[in-house]
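Here's a quick briefing for anyone opening this one for the first time. Have a look at the picture, then read on.

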Amino acid sequence: MISYRLFGSAIGLCLLAAASTAPVFGEATQQGKECFESRDGRSQVVQREIAPGTPNVKCSPTTSGVLWWGDPFDGTIPMGDMAVEADYTHEEAVVKPREPQIDKNKLLTICAVACHNGEYVPVPENKNPRPLKMHKDIVPDSMELKHGKGAIWCLDCHHPDNRTKLVDNFNNEVSFNQPQNLCGKCHGQVLRRWREGIHGKRIGMWNKGGKKRWWVCTECHNPHDIQQGDRTSGFAQLHPEPAPNLPKTMANADHERVKHGPGH
Amino acid sequence: MSKEDNKENGAQSVSRRDFLRKAGTYSAASLSGAAMLLSNPKPAQATTNVEWAEHFQKNYRLMTEEEKQEALDRLEKRYSEEFGKEVTVDGSPAMDGVLFGYALNIQKCIGCRRCAKACVAENNQSRGDEQQIEWIRVLRLEKGQFSADDRDNAGYPGDYGIQVGGNAYKPAGVVLEGQHYYEAEQVPEKDAFYMPMQCMQCEKPPCVKVCPVQTTYRDPDGIVVIDYNWCIGCRMCIGACPYWARRFNWGEPSLPAEEMNPVTHYLGNRPRMKGVAEKCTFCVQRTRKGRWTACVEVCPVGARKLGNLLDPESDVRKVLETKKVFRLRADLNTYPKFFYFMD
Ligand code: SF4
Ligand code: SF4
């Protein structure tokens with residue numbers, strides 16, 4: 001099979017030196033190791049044993065992404081508790097609440113009270129953008145927040161005086177657990193597809209009556225970094241898993257990098 | 001049920017193929033010679049303790065229910081000993097009223113290769129430097145590779161823009177032009193898109209057609225499976241597959257006991273031996289129990305959908321109804337049940 005392939009020419013030899021180092025594929029169970037589901041830093045899971053010799057997840061040793069699910073329903077609650085308008089009559093739908101993830105460092109519960117209860121920071125008089133003094137880790141330059149092509153700003157999504165909640169455009173409080181109720185106000189088509197199950201991610205069982213874990217918007221998308229780097233999709237860039245080993249007879253994969261066209 | 005009388009020589013390390021090849025001049029000496037030849041410096045996990053009953057068992061499809069159960073029990077016992085944990089070997093047949101279909105959103109895929117590695121973890125592929133097998137390949141394709149200026153000299157003669165006679169600059173044996181071995185610091189890259197490929201579970205699978213011993217076949221739920229015990233390693237199927245979906249165990253598979261997934265299926269992810277072909281089975285060990293495949297569950301962007309093509313409520317059916325869909329090499333009339341789609 002692979003040995004039929006054209007062996008690499010010597011052009012650009014250095015490029016692939018790193019590629020040929022083999023991935024370390026190991027450490028099936030490392031209790032307590034933390035890895036991430038979709039977004040590093042915002043969808044973490046801690047590895048633990050759910051049955052003798054079986055971890056809840058396996059983590060990639062190179063990128064720390066979740067590589068395998070032992071229990072896809074770990075930490076989930078019934079969808080009924082979240083009241084999503086969607087047809088899940090022929091399945092048992094569950095969802096993982098977002099608040100514990102977002103509130104990992106108790107930023108919501110402590111800071112929202114200590115800083116955003118009106119004592120340290122006055123409730124803003126209007127929604128107009130102004131430079132942020134805090135939260136620059138989340139939005140490095142608040143005047144450059146490109147979400148909505150510059151049309152929206154923090155307080156269009158975050159509740160102005162209840163910082164443990166989001167807010168929709170009718171001033172209704174929206175839980176961090178159910179970001180779709182906010183995102184869907186603008187991204188209605190996407191919300192519809194998500195409810196139908198063809199946008200976004202579901203894990204667990206495919207069959208009728210089976211149990212499915214639904215993923216909500218912010219598990220995959222970060223609403224703050226829409227313009228991050230030179231990326232071209234709705235997802236933050238991340239480091240890929242290692243390439244497969246090169247065939248034994250091939251020193252590098254330069255042949256793949258040659259543009260086949262005129263002058264070649 | 002009793003094959004006890006066949007069991008006394010259980011510890012020999014020899015594959016069925018070698019046994020048959022040497023059957024004419026069979027003696028204890030030649031047998032141990034074969035065992036010596038086959039044993040690697042490192043422990044040969046998948047072929048140790050192969051019992052006589054295993055060498056003489058029928059093609060899985062021809063076994064009676066009783067014989068199947070014997071074979072499964074035998075394997076469970078052997079693997080549990082070899083890997084030092086309780087291994088189950090399932091023989092679940094296809095579910096009634098189910099035809100599996102797969103849909104992959106090519107616009108969403110970010111090329112992270114997590115699907116490929118999840119597959120290795122789930123399906124007990126050989127890993128490491130010596131013998132590495134991955135059923136899923138993620139192909140990186142460059143955006144805008146064809147331009148009007150390229151036409152004249154790149155195999156696109158005349159004013160018609162029609163390629164004739166192939167292109168001498170393309171390496172032979174590569175199904176699609178693209179990069180398998182890309183090493184990006186960050187994905188998705190700006191000028192690339194990604195196309196994961198794996199077994200398409202064709203309706204008319206060329207691999208099944210060419211297999212001389214009929215050890216690979218299509219089950220009623222549409223999954224093309226292999227009875228590894230009957231595979232003679234001729235690699236006809238590998239040559240026949242237009243999607244480059246089959247892999248061959250050139251060496252002794254290396255599957256560390258602590259990483260071995262003990263939930264296995266006879267036709268799926270049970271440990272393989274040297275000299276057999278293998279491929280994606282849509283994780284039969286999971287999907288025939290209602291669970292999604294490892295690649296669906298692990299894809300961080302939800303690009304992958306799997307479901308029952310016979311159920312109008314299923315994800316795949318909804319995709320087929322509402323999205324722009326294409327199949328690879330539709331011209332070959334293999335009728336893949338793996339669909340690529342766009343938003
Ligand atoms: S290598 Fe492929 S074609 Fe040959 S016996 Fe095995 S499954 Fe059949
Ligand atoms: S895991 Fe998903 S996004 Fe990553 S390469 Fe596979 S299909 Fe693409």
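Which residues are the closest to ligand 2? The closest are B:Cys109, B:Cys112, B:Cys115, B:Cys299 and B:Arg304, out of 13 residues that surround ligand 2; a residue is near a molecule if one of its heavy atoms lies within 4 Å of it.

Before going further: this is a predicted model, where local features need pLDDT of at least 70 and side-chain atom pairs count only at pLDDT 80 or more, while totals for chains, interfaces and linings use all residues. Residues are numbered from 1 along each chain as its sequence is written, chains are lettered from A and ligands numbered from 1 in the order in which they are written, and side-chain values use heavy atoms, leaving out hydrogens and water.

**The two ligands**

- The shell around ligand 2 divides into nine nonpolar, one polar and three charged residues; here Ala, Val, Leu, Ile, Met, Phe, Trp, Tyr, Cys and Pro count as nonpolar, Asp, Glu, Lys and Arg as charged, and the others, Gly among them, as polar.
- Ligand 1 is surrounded by 13 residues, and the closest are B:Cys211, B:Cys231, B:Cys234, B:Arg235 and B:Cys237.

**A sheet in chain B**

- Four strands make an open sheet with mixed pairing, in the order 10-2-12-11 (chain B); helices (H or I, at least four residues) and strands (E, at least two) are DSSP runs, numbered from the N terminus, and two strands pair if DSSP finds at least two bridges between them.
- Strand 10 (304-308) and strand 11 (324-326) of chain B sit at the edges with a single partner strand each, so one side of each has no neighbour in the sheet.
- On average, neighbouring strands of this sheet are turned by 30° against each other, direction ignored; axes are lines fitted to C-alpha atoms, for helices over the stretch in contact, and angles run from 0 to 180 degrees between N-to-C directions.
- Strand 2 (residues 100-105) of chain B pairs with strand 10 of chain B in the antiparallel sense over five bridges, and B:Gly101 has B:Gly307 as its bridge partner in strand 10.
- Helix 10 (residues 315-322) of chain B packs on the sheet and touches strand 2, strand 10, strand 11 and strand 12 (338-342) of chain B, where contact means heavy atoms within 4.5 Å.
- The direction of helix 10 makes about 110° with that of strand 10 of chain B.

**A covered helix in chain B**

- Helix 5 (residues 114-123) of chain B is mostly covered, with 10 of its 10 residues buried (under 20% relative accessible area, with exposed over 50% and partly exposed in between; 1.4 Å probe, protein chains only).
- Among the buried residues of helix 5 are B:Arg114, B:Lys117 and B:Glu122.
- Just after helix 5 of chain B comes B:Asn124, which takes a positive phi of about 60°.

**Chain A**

- Chain A has six helices and 12 strands, and buried residues make up 45% of its 264 residues.
- Chain A also holds an open sheet of four strands with mixed pairing, in the order 7-8-12-11.
- Strand 7 (77-78) and strand 11 (202-204) of chain A are at the edges, each with a single partner strand, so one side of each lacks a neighbour in the sheet.
- Strand 7 and strand 8 (residues 92-95) of chain A pair in the antiparallel sense over two bridges: A:Pro78 is opposite A:Val94, and A:Ile77 is opposite A:Val95.
- Strand 8 runs parallel to strand 12 (residues 211-214) of chain A, joined by four bridges, and A:Val94 stands opposite A:Arg213 there.
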